[in-house]
Amino acid sequence: MEQNLEHQSYVQNNYPPQKNNQNIALWICVGLLATILFVFGLFTFFILIPPPSPTPTVPNVAGFEMGDAINKMETSCYSCRIFNEKSDSVPEGHIIRQSPTAGTRLKQGETVTLYVCENEKRYLVNRFSTSGIYIRAQASTYSSKLGYIAAGDTSIKLEYLSYTYATDGVWYYIKHPYGFYGYVRSDVVRWW
């Protein structure tokens, strides 16, 4: 019986508690891993992801020439709608007013309405003294050439009829003094 008690005592005292230690170690590793992932997630969210940019404001183009105003709006990522109005105080082809007004917060891609002064017939001449301009059959740099105005020649006055957008900018539809119609880029002519 003594031997039996010794055996029981040995079994009770030498029972290996290793399973509990292994479970605790496993849970500690899982906890550490979860903490590391949580901290990494917070770091990614707050540090690596930039905050949303504030809504941009509409630029002021009142008084600008129509082509310059449209270019300014397009570089600010706004599209334009154009209406003609009569004005005695603003030169022909220049912006009288805009809606929404300058400084208004507006999402990019939205439309801004521009009111252009157009009283009577308007004429365009070559803007540059060092380069000539081509009159094109269509609103494209790659369209066939209908005419040419030499560098610095402001004697040829092209009658402005309307404008259009193309992939390479704003084009004015014009009537040449010789009676033919065509297109010129808005940035190579000025209002006369």
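Begin by selecting cysteine 80, which counts as buried at 14% relative accessibility; buried means under 20% relative accessible area, exposed over 50% and partly exposed in between, with a 1.4 Å probe and protein chains only. The model is predicted, so local features need pLDDT of at least 70 and side-chain atom pairs count only at pLDDT 80 or more, while totals for chains, interfaces and linings use all residues. Residues are numbered from 1 along each chain as its sequence is written, and side-chain values use heavy atoms, leaving out hydrogens and water.

Next, select cysteine 117, which is buried with a relative accessible area of 0%. The count of disulfides (pairs of cysteine sulfur atoms within 2.5 Å) comes to zero.

**The open sheet**

Display β1 (79-85), β2 (95-99) and β3 (residues 111-117). Helices (H or I, at least four residues) and strands (E, at least two) are DSSP runs, numbered from the N terminus. These three strands form an open sheet in the order β1-β3-β2, with mixed pairing. The edge strands are β1 and β2, each of which pairs on one side only; two strands pair if DSSP finds at least two bridges between them. On average, neighbouring strands of this sheet are turned by 25° against each other, direction ignored.

Now follow β1 alongside β3: the two pair in the parallel sense over seven bridges. Select arginine 81 to find it opposite threonine 113 in β3.

**The helix across the sheet**

Axes are lines fitted to C-alpha atoms, for helices over the stretch in contact, and angles run from 0 to 180 degrees between N-to-C directions.

**The nonpolar core**

Select Met73, Leu114, Leu124, Leu158, Tyr172 and Val184, the residues with the most contacts inside the largest nonpolar core, which has 28 residues. Such a core is a set of buried Ala, Val, Leu, Ile, Met, Phe, Trp, Tyr and Cys residues joined through side-chain atoms within 4.5 Å. The largest share, four residues, comes from α3.

Centre the view on tyrosine 172. Beyond residues up to four places away in sequence, tyrosine 172 touches several residues, including Met66, Leu124, Val184 and Ser186; contact means heavy atoms within 4.5 Å.

Finish at serine 186, in the loop between β9 (181-185) and β10 (189-191). Is serine 186 buried or exposed? Serine 186 is buried, with a relative accessible area of 5%. Leaving aside neighbours within four places in sequence, serine 186 contacts Gly67, Val170, Trp171 and Tyr172.
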